[in-house]
Amino acid sequence: MNHHAPVRAASGGADGRVLLVGLAGFFLLFMVAPVATVFIRAAGHDAVGAGGLDAFWSALTSIVTAPRTRSVITFTVGQASLSAALAVAVALPGAYLMAHYTFPGRRIIYSLSLLPFVLPTIIVVVAMIGFYGKNGLINRLLGTDFNLVYNFRGIVLAHVFYNFSLAIRIISTAWSGIDRRYRESAEILGDRGPGVFFRVTLPLLIPSILSSFILVFIYCFLSFGVVLVFGGVRFSTFEVAIYREMFINLDLPAASVFALLQMAFSGLFILVSTGSLHRARAGAVDTGQSLPPLRSARPLPRALLVLYTVTMLVFVLGPLTTMVVRAFTGSSGALGLENFRQLLVPGAAERNVHSILRSSVPGVVLRSIGLATASGTLTFAVAGLTALRLRGSRSTWIDGALQIPMGVSLVTVGLGLRLLWQDVLPPVILIVLGQFFVAFPLVFRIVRTGVEELSERIVNAAEILGAGRRRILMDIELPLLRRTFLNAYAYALALPFADLTVAMTVGRGRVATFPVAIYRLIGFRSFDLALALAVLYIAFCLVLFLVIDRTSLPGKDTP
Amino acid sequence: MIEFRSVRTRYPEFELAVDFSIAEGELVSILGPSGSGKTTTLRLIAGFEQPQEGQILINGRDVTHLSPADRQIGYVFQDYTLFPHMSVGDNVGYGLRIRRRPAAEVRATVAELLDLVELPGYQDRNVATLSGGERQRVAIARALATRPVLLLLDEPFSSIDEVLRRDLRDEIVRLQKRLGITVVFVTHSRQEALAISDRVAVLQAGQVVQYAGVEELYRQPRDRFVAEFVGDANFVTGDGTQLLLRPEQLWIAGEGDGGDEGIVYLDAEIEMHQYLGSTHRYACRSTAGRLIVMDPRRRSVGDTVTVAYRPADGFPMTEGDPS
C-alpha cells in the first residue's frame with residue numbers, strides 16, 4: 001500500500017526529484033563511469049600489439065579458457081560457500097542462546113560478536129597470524145610449527161571469524177521474533193524437543209539463515225585483504241586477481257576481464273538470492289501481535305554455556321588478546337611500550353617507519369580520521385536524505401539500484417576513479433568518493449528500514465494537527481529516528497575507517513590510512529609494529545563500537 | 001475432568017490462585033477483564049506454564065508436571081498460529097504425523113476434519129491466503145485431529161468481525177455437542193461467555209470470584225463486581241438490603257398505573273437513550289439513583305417517566321462487597 005501523504009507529495013516533489021537525479025548523477029560519475037573507463041582502456045590497450053577490441057577480445061577468450069581462471073572461479077566460489085556455511089553453523093547455537101536466555105555476560109558476548117565485523121580485514125589478518133601463525137600463540141603453546149594461516153584453511157578461518165557474528169545477529173533477531181506460540185502449538189500437538197526444532201523452528205528460521213548465508217557468501221566472494229595476505233600466489237579471489245593483474249602484472253585487459261567475470265557472478269548471485277529470499281519469505285504469515293520466545297532467566301544447561309563460551313573465547317578473544325599482548329611485548333620479551341615507542345618516536349626503530357608508511361604515525365591517525373569523517377558524513381547525509389525522500393515508495397528498482405555498489409568490484413571502482421579523475425581531483429578526494437560506495441549500501445539499508453518502520457500514522461497525526469514539513473521533521477521524525485540515525489552514522493564512519501581496498505587501489509599505498517599502514521608494515525615484516533598499530537586502531541574504534549552497540553542491540557527493550 | 005487443586009502461581013504483577021473443576025463434556029468459559037489471569041489459567045491446563053503450588057488433574061491423572069505433548073489436549077491460540085511453512089492439510093495432519101500414523105490414515109482424517117469444519121478440499125491451500133474465519137476453522141481442525149479429550153480456546157474470536165463471530169460461535173457449540181468434547185474457552189466478552197457456555201468462571205485479579213451456570217451468574221452474582229461485569233446492573237435498596245435488578249426486570253409504567261401490591265414506582269427522568277433495534281435502552285435518574293431500563297417504546301431524553309419493579313424479583317446482594 002502506498003499511503004503517500006498529499007501534503008508531502010505537494011511540497012517534496014520537486015526537490016525530491018532533484019535529489020534522486022543528483023544521486024543518479026553521482027553514481028554515474030563516480031561508479032559507473034570509472035568502471036566503464038577501466039573496460040574502455042582495457043579494450044584500447046595496446047600491450048599485445050593488436051589494437052582495441054581485438055586485444056580485449058583475445059584477452060577475454062584466453063583468460064576465460066585459462067586453467068588459472070578456472071581455479072580463481074573455483075576458489076572464490078568454493079571458499080565463499082564453505083566460509084558462509086561454517087559461519088552460519090557456528091552462529092546457530094549462539095543465536096539460540098542469545099534469543100532464549102538471559103545470562104551474565106550476554107551483552108558482552110553480543111558486543112564482542114560485533115567486534116570482528118567492524119574490524120578491518122587487515123587487523124583480522126594480523127590477529128590471526130599472531131594467534132594461529134607459524135610463530136603464533138597456538139604453535140608456541142604446542143611447540144609445533146603448523147602453517148594454519150597462509151593457506152586455504154587460514155582464509156576460511158579468517159572469513160568465519162570475520163562474519164559469524166553477523167550471522168548471529170541476523171539469526172538471533174529472527175529467532176527472537178518467532179512467536180513462541182508456534183512452538184507451543186507443536187508441543188500441544190504432541191511434538192517435542194528436536195522434532196519441534198526440525199519441523200517448526202528451523203523452517204521458520206530458513207529466511208534468516210538464508211539471508212545470513214547469502215550476505216556472508218557475498219562478503220567472502222568479494223574478499224580482498226584476507227586473501228591478499230593469506231592467499232600467496234596460489235589463491236586469489238576475483239578481487240585479488242583484479243588487483244594483481246592491475247598493479248603487479250600491469251595487465252589491464254586481464255584485470256578488466258576478471259572484473260567483468262566478477263560482476264557477472266555477483267549479479268547472478270544477487271539475482272538468485274533475492275529470488276530465493278523472496279520465496280522463503282512469501283510463506284510468512286503476519287499473525288498480528290507476536291509473542292517473542294520467553295527469555296528464560298533460569299541457568300543454562302551448563303555444558304552448553306561452557307562449551308559455547310570457551311569456543312567464543314578461543315575463537316574471538318584468543319586472536320584479539322594475543323594481538324594486544326604481543327603489541328605490548330618488546331623484542332626482548334618484556335611487557336612494555338617498546339613497539340609503540342618505535343612506532344611513534346622518529347628514529348626509535350631499526351627500520352625507518354616513516355619511510356615504510358610514507359607518513360608519520362600521527363599523520364596516519366589524522367588522515368584516517370579525516371577521510372573517514374568526510375566520507376562517512378557524505379554517505380550518511382546522502383543515505384538519510386534519500387531514505388526520507390523515498391519513504392512510502394516501494395519501488396524495488398530504485399532500492400535495487402542503490403544496492404549495486406555491494407556487488408561491484410571495489411578494486412575496479414578504485415582504479416577507474418584514478419584513471420578517470422586523477423587529473424582533476426586529488427587522491428584524498430577520490431578515496432572519499434570511493435569509500436562512499438563501501439558504506440552506502442549498508443548505511444542506506446539501515447536508515448531506510450528505520451524510516452519505513454516509523455509509523456506513517458504518527459506523521460499523519462502531526463499533519464492533521466497542522467504541522468508543516470519542517471516541523472514534522474524536527475518534532476517527530478528526527479527524535480523518533482535518533483537511534484537509527486546514530487547507528488547508521490556509526491557504520492558510515494566505521495566502514496571507511498576500516499577500508500583497505502579503496503585506499504590501496506586509489507592511493508596505491510601512498511595515502512597511508514590505518515589499514516594501509518598496517519598492510520605496509522606486514523609487507524615489510526615489521527609484524528610487531530603492525531600489531532601495535534592495530535591496537536591503536538582498536539582503541540580508536542572502541543568508542544565507536546560502544547555507540548553502535550548501545551543503539552542496535554535487538555530486543556533489549558523487551559522483557 | 002479438570003481439577004485445579006489449590007493451584008498458586010505468582011507473577012510480578014499478580015498472584016493466580018485457582019481452585020475449581022470442570023466436568024466432562026462441559027463447555028466452560030473463563031471470563032474476566034484483561035490482566036485477570038484468564039490466559040494464564042488456560043496455559044496452566046495446557047502445560048505451557050507450571051504452577052508454583054498445587055496440582056492440576058485431568059481425568060483423575062495428575063498432569064502438573066507433564067509436558068504439553070503428553071496431555072492430549074487441543075489448543076487454539078488467539079491468532080491461530082497456523083504453521084506458515086505448511087499447507088492447510090499439513091497443518092491439520094501435523095499431530096497425526098508426529099504420532100506416526102500411516103499416510104493414508106492421515107489423509108483420510110484430514111479430509112474428514114476439513115469436512116467437519118466446512119472447508120472441504122482445502123488441503124493444498126497456502127495458509128497465508130486464508131481469511132480470518134478460515135484460519136480459525138483450520139486451527140480448530142488441527143486441534144481436533146489428535147482426538148484430544150479437551151479443547152482449549154484462547155480468545156478465538158477476537159480477530160474476527162462481528163457477523164462471522166456469531167456464526168463461528170454457534171459452530172463451536174455445534175461441534176462441541178456433536179463430539180461430546182470438553183471445551184474451555186477464554187474470553188473477555190460477556191456476551192460470548194453467556195451465549196455459549198454451560199458454566200462460566202469469572203476471574204478477577206487472579207482469583208475465581210464466581211463459578212456458576214450462566215443464568216445463576218446473571219441472576220445471582222456473588223458480588224457487585226460480577227454483577228456489573230456480566231451485564232447491566234441496577235442496585236436498589238429494599239428491606240435494608242441491596243437488591244440487584246437487571247434492566248429487563250424494570251419497566252416504564254404507563255399513565256395511570258400505580259398502587260399495585262408488591263410493585264415499587266419511582267419518578268425518573270430519562271438521561272440517555274440508546275436504540276438497540278428490537279428495544280430501547282434508557283438510563284434514568286430516579287430517587288433511587290441511576291437506573292438502566294429496557295423498554296420497547298421510543299421516548300426522548302428529558303422525558304419524565306415512572307419506573308416500576310417488583311422487589312420480589314430482586315436478588316439480595318450480600319454485604320461486605322469487595323468493590
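Trainee: Is the crossing of H3(A) and H9(A) left-handed or right-handed?

Mentor: Right-handed. Keep in mind that this is a predicted model.

Trainee: At what angle do the axes of H3 and H9 of chain A cross?

Mentor: At roughly 140 degrees, and the axes come within 8 Å. H3 of chain A covers residues 67–100 and H9 of chain A covers 193–221. Angles over 145 would count as roughly antiparallel, so H3(A) and H9(A) are oblique to each other.

Trainee: Which residues in H3(A) and H9(A) meet?

Mentor: On the H3(A) side they include A:Ala80, A:Ala84, A:Val88 and A:Leu92; on the H9(A) side, A:Phe213, A:Phe217 and A:Phe221 are among them. By class, the contact has 13 nonpolar, 5 polar and no charged residues.

Trainee: Switching to the core. Which residues touch the most other members of the largest nonpolar core?

Mentor: A:Phe230 and A:Met323, in a core of 203 residues. Helix H20 of chain A, residues 427–453, gives the most to this core, with 14 residues. Apart from it lies another core, of 35 residues, including B:Leu96 and B:Ile196.

Trainee: And what does A:Met323 touch?

Mentor: Leaving out residues up to four places away in sequence, A:Met323 touches A:Ile123, A:Val126, A:Ala127, A:Leu531, A:Ala534, A:Val535 and A:Ile538.

Trainee: Chain B now. Where does B:Asn59 lie?

Mentor: In the loop between strands E5 and E6 of chain B. B:Asn59 is partly exposed, at 45% relative accessible area.

Trainee: What about phi of B:Arg147?

Mentor: Positive, about 50 degrees, and B:Arg147 is not a glycine. B:Arg147 lies in the loop between helix H4 and strand E8 of chain B, and is exposed, with a relative accessible area of 57%.

Key:
Residues numbered from 1 in each chain as written. Chains lettered and ligands numbered in written order. Predicted model: local features only at pLDDT ≥ 70, side-chain atom pairs only at ≥ 80, totals over all residues. Heavy atoms only, no water. Core = buried A, V, L, I, M, F, W, Y, C linked by side-chain atoms within 4.5 Å. Buried < 20%, exposed > 50% of the residue type's maximum accessible area, 1.4 Å probe, protein only. Helix = DSSP H or I, 4+ residues; strand = E, 2+ residues; numbered from the N terminus. Contact = heavy atoms within 4.5 Å. Axes fitted to C-alpha atoms, helices over the stretch in contact; angles between N-to-C directions. Parallel < 35°, antiparallel > 145°, perpendicular 65-115°, else oblique. Left-handed = near helix turned anticlockwise from the far one by under 90°. Nonpolar A, V, L, I, M, F, W, Y, C, P; charged D, E, K, R; others polar.
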